[in-house]
Amino acid sequence: MAQVGRSGRAGGRAGGSAVRNRKMSKKVGSGGKPTRTASEVVESPQANSSTRAVVAATPRHLLQLEGMDRVTLTRLLRRATMHATKAEAGENAEQTLSGVTVANLFFEDSTRTRTSFSMAAFNLGARVLEFGATTSSVSKGETLIDTARNVEAMGVGVLVVRAKQSGAAEMISKDAGASIVNAGDGRHEHPTQGLLDMLTAAQALGRVETLDFSDLRLAIVGDAVSSRVARSAIHGFTTLGAKVMCIGPSAMAPKSLETLGCTVERDLDAVLPDVDAVMMLRVQFERHGDASGAKASPLIPSIREYRVGYALTPDRESMMKPSAIVMHPGPMNRGLEIDAAVADGERSVILQQARNGVFARMAALEWVAAAPQIAK
Ligand code: CP
């Protein structure tokens with residue numbers, strides 16, 4: 001997978017598609033006015049304070065947290081924190097994306113991610129386009145790349161892409177003049193979920209100032225093998241110094257996950273008293289190969305046995321440290337991996353995660369658009 005950075009490709013790109021895109025399109029927005037591309041938001045080093053220069057930057061993408069350095073991660077989280085603080089104070093956000101058009105290209109269903117990206121773009125003054133695969137020409141067989149290129153040709157500067165296929169966002173980024181934000185690709189990564197999870201843990205566990213997670217222990221419980229959320233969390237939390245454990249049955253938490261930088265454990269009850277945060281994962285039946293979508297899976301013998309070993313019940317919650325928090329990215333299978341009393345209980349920061357999605361995504365959009373407030 002390509003590293004996050006100014007390049008759309010691992011090892012850099014020639015910028016051919018960006019150049020082609022700039023040449024071929026007049027970048028028309030509503031009313032026939034030109035609309036800025038993401039790269040056009042960048043101030044050149046020569047620009048004085050009153051001018052903005054169009055520079056020949058290749059688009060910046062956010063495809064994954066793997067490979068993102070601590071400085072960049074910290075910059076994104078500080079910016080997200082600033083947005084959260086302003087919102088708490090009832091202040092409006094700076095209109096850093098005024099003139100930029102952001103399109104939500106969701107080829108897979110979503111509640112939290114889609115809504116919060118829309119709110120984030122709107123809060124920053126961007127124009128927001130909503131695209132749903134079921135009401136688009138994807139249903140007639142159009143490819144993801146053709147769809148993205150056609151939407152981009154209309155003058156879109158940032159494409160937010162969710163897809164069932166691992167690697168879809170990266171694939172589109174290789175042929176895009178627009179900036180691509182991965183909003184979840186198959187089992188691979190969900191980088192903005194990782195950001196909002198880190199922001200939430202930092203707030204709830206008193207680490208907003210330092211963003212130092214070196215004494216923080218995170219347990220990720222359940223269906224890690226299917227989970228892009230788990231992969232982004234492992235990369236992000238460990239980069240900030242946390243110790244991350246994946247806990248589940250071997251089919252859902254194979255030892256091979258340790259190559260990502262976490263440890264793998266089997267005994268949830270042994271781990272719970274020592275951790276600061278528990279991130280419960282949804283059992284993702286739809287990724288287990290049973291097209292019927294029935295609540296049965298070849299990865300576990302039965303729902304009942306899964307619950308005996310890995311459900312977060314009130315009894316298990318009582319084993320946790322008084323200060324420890326419960327997280328879940330949503331959507332939840334209530335009564336399966338997590339009981340309602342825990343999901344809605346005092347330790348739960350699940351709705352805070354949803355709220356922080358807006359602030360984390362504001363920072364992410366500013367970063368890919370190279371807004372001067374975060375672009376350093
Ligand atoms: N956490 C998450 O990605 O939720 P949605 O699928 O509702 O966007």
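Predicted model: local features only at pLDDT ≥ 70, side-chain atom pairs only at ≥ 80, totals over all residues.

Visitor: What does the secondary structure of the protein come to?

Guide: The protein has 12 helices and 9 strands.

Visitor: And what share of the residues counts as buried?

Guide: The figure is 49% of the 376 residues. Contacts also reach along the chain. Of the contacts with a separation of 6 or more, 74% are between residues 24 or more positions apart.

Visitor: On to the ligand. Which residues are around it?

Guide: There is a run from the one chain stretch, Ser110, Thr111, Arg112, Thr113 and Arg114. Then come Gly184, His190 and Gln193. Pro329, Gly330 and Pro331 complete the list.

Visitor: Which helix gives the largest share of that shell?

Guide: Helix α3, residues 112-123, with 3 residues.

Visitor: How does the shell split by class?

Guide: It has 7 polar, 2 nonpolar and 2 charged residues.

Visitor: Where does the ligand lie relative to the domains?

Guide: It lies between domain 1 and domain 2, because both give residues to the shell. Domain 1 is 16-64 + 95-186, and domain 2 is 193-350.

Visitor: Back to Pro331. What kind of peptide bond joins Gly330 and Pro331?

Guide: A cis one, with omega about -5°. Pro331 sits in the loop between β9 (325-327) and α11 (340-343). Both Gly330 and Pro331 are among the residues around the ligand.

Visitor: New topic, helix α7. Is α7 largely enclosed or open, and why?

Guide: α7 is largely enclosed by the rest of the structure, because 11 of its 12 residues are buried. Among them are Arg228, Arg231, His235 and Phe237.

Visitor: What do those buried residues pack against?

Guide: Helices α2 and α6 (191-204), plus strands β4 (179-185), β5 (217-221), β6 (243-247) and β8 (277-280).

Visitor: What about the span of α7?

Guide: Its end C-alpha atoms are 17 Å apart. At 1.5 Å a residue, α7 should span 16 Å, which agrees. Just after α7, Gly241 has a positive phi of about 105°.

Visitor: You mentioned α2. Is Val71 in that helix buried or exposed?

Guide: Val71 is in α2, residues 70-88. Val71 has 9 other C-beta atoms within 10 Å, so it is exposed. The cut-off for exposed is 12 or fewer.

Visitor: How far is Val71 from Thr239?

Guide: Their C-alpha atoms are separated by 9.8 Å. Along the chain, the two are 168 residues apart. Thr239 is one of the buried residues of α7.

Visitor: Now α12. Where is the kink centred?

Guide: On Asn356, and the kink is about 30°. α12 covers residues 350-368. From first C-alpha to last it reaches 27 Å, close to the 27 Å expected.

Visitor: How many residues of α12 are buried?

Guide: 15 of the 19, so α12 is largely enclosed by the rest of the structure.

Visitor: What follows α12?

Guide: Ala370, with a positive phi near 55°. Ala370 lies in the segment after α12. Ala370 has 21 C-beta neighbours inside 10 Å, so it counts as buried.

Visitor: And Leu211, what is its phi?

Guide: Near 50°, a positive value in a residue other than glycine. Leu211 is in the loop between α6 and β5. With 18 C-beta neighbours inside 10 Å, Leu211 counts as partly exposed.

Notes: Residues numbered from 1 in each chain as written. Near = placed C-beta within 6 Å. Helix = DSSP H or I, 4+ residues; strand = E, 2+ residues; numbered from the N terminus. Nonpolar A, V, L, I, M, F, W, Y, C, P; charged D, E, K, R; others polar. Domains from an automatic or database assignment. Expected span 1.5 Å × (residues − 1). Bend = angle between axes of the 7 residues up to and from the residue. Buried ≥ 20, exposed ≤ 12 C-beta atoms within 10 Å, placed from the backbone. Contact = placed C-beta atoms within 7 Å.
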